[in-house]
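The stops below are meant to be taken in order.

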Amino acid sequence: EMAMASQRPQNFVGVHFFNPVQIMKLVEVIRTDHTDEAVFDKTLEWVKAIGKVPVKCRDTPGFIVNRLLVPNLMQAILLLERGDANTHDIDVSMQLGAGHPMGPLHLADYVGL
């Protein structure tokens with residue numbers, strides 16, 4: 001819808017940075033069905049030029065990271081709500097068991113869920 005509303009859908013590209021922007025290297029670069037390939041490639045090069053690491057994704061809910069992350073965070077919250085495990089144990093489990101730099105509840109708090 002946004003691409004069509006721009007009246008230049010061939011030039012429409014999504015660029016999703018992660019917080020904190022000055023630390024996080026990943027940028028999701030999103031193409032629509034109308035995005036011109038040359039415009040998309042130029043956006044990928046720009047993301048690299050500013051010192052970030054681009055990943056490509058089609059326009060889909062949550063893109064890549066949030067599509068995978070949000071269900072994980074919600075499951076951690078449900079574990080806590082049901083009393084299956086406490087905050088510390090949930091976070092430490094994912095840090096040490098899955099190699100995450102911070103646990104899902106810590107991350108959920110950090111991003112404001």
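The tour goes from the sheet to the helix packed on it, then to a loop and a pair of helices.

This is a predicted model, in which local features need pLDDT of at least 70 and side-chain atom pairs count only at pLDDT 80 or more, while totals for chains, interfaces and linings use all residues. Residues are numbered from 1 along each chain as its sequence is written, and side-chain values use heavy atoms, with hydrogens and water left out.

**Stop 1: the sheet**

Select the strands β1, β2 and β3, which form an open sheet in the order β1-β2-β3 with mixed pairing. Strands (E, at least two residues) and helices (H or I, at least four) are DSSP runs, numbered from the N terminus. The edge strands are β1 (13–17) and β3, each pairing on one side only. From one strand to the next the twist averages 25°; angles run from 0 to 180 degrees between N-to-C directions, and axes are lines fitted to C-alpha atoms, for helices over the stretch in contact.

Two strands count as paired if DSSP finds at least two bridges between them. β1 and β2 run antiparallel and are joined by 5 bridges; V15 stands opposite V29 in β2. Next, select β2 (residues 26–31) with β3 (residues 53–58): this pair is parallel, over 6 bridges. Here E28 stands opposite V55 in β3.

**Stop 2**

**Stop 3: the loop**

Pick G51, in the loop between α2 and β3. Is G51 buried, exposed or partly exposed? G51 is partly exposed, because its relative accessible area is 32%, and buried means under 20%, exposed over 50%, partly exposed in between (1.4 Å probe, protein chains only). A distance from G51 to A5, C-alpha to C-alpha, gives 31 Å, for a sequence separation of 46 residues.

**Stop 4: the helix pair**

Finish with helix α3 (residues 65–82) and helix α4 (residues 87–98), whose axes come within 9 Å and cross at roughly 145°. Which residues meet here? N72, A76, L79 and L80 in α3 meet T87, I90 and M94 in α4, where contact means heavy atoms within 4.5 Å. By class, this contact of α3 with α4 has 5 nonpolar, 2 polar and no charged residues.

How values were computed
Ala, Val, Leu, Ile, Met, Phe, Trp, Tyr, Cys and Pro count as nonpolar, Asp, Glu, Lys and Arg as charged, and the others, Gly among them, as polar.
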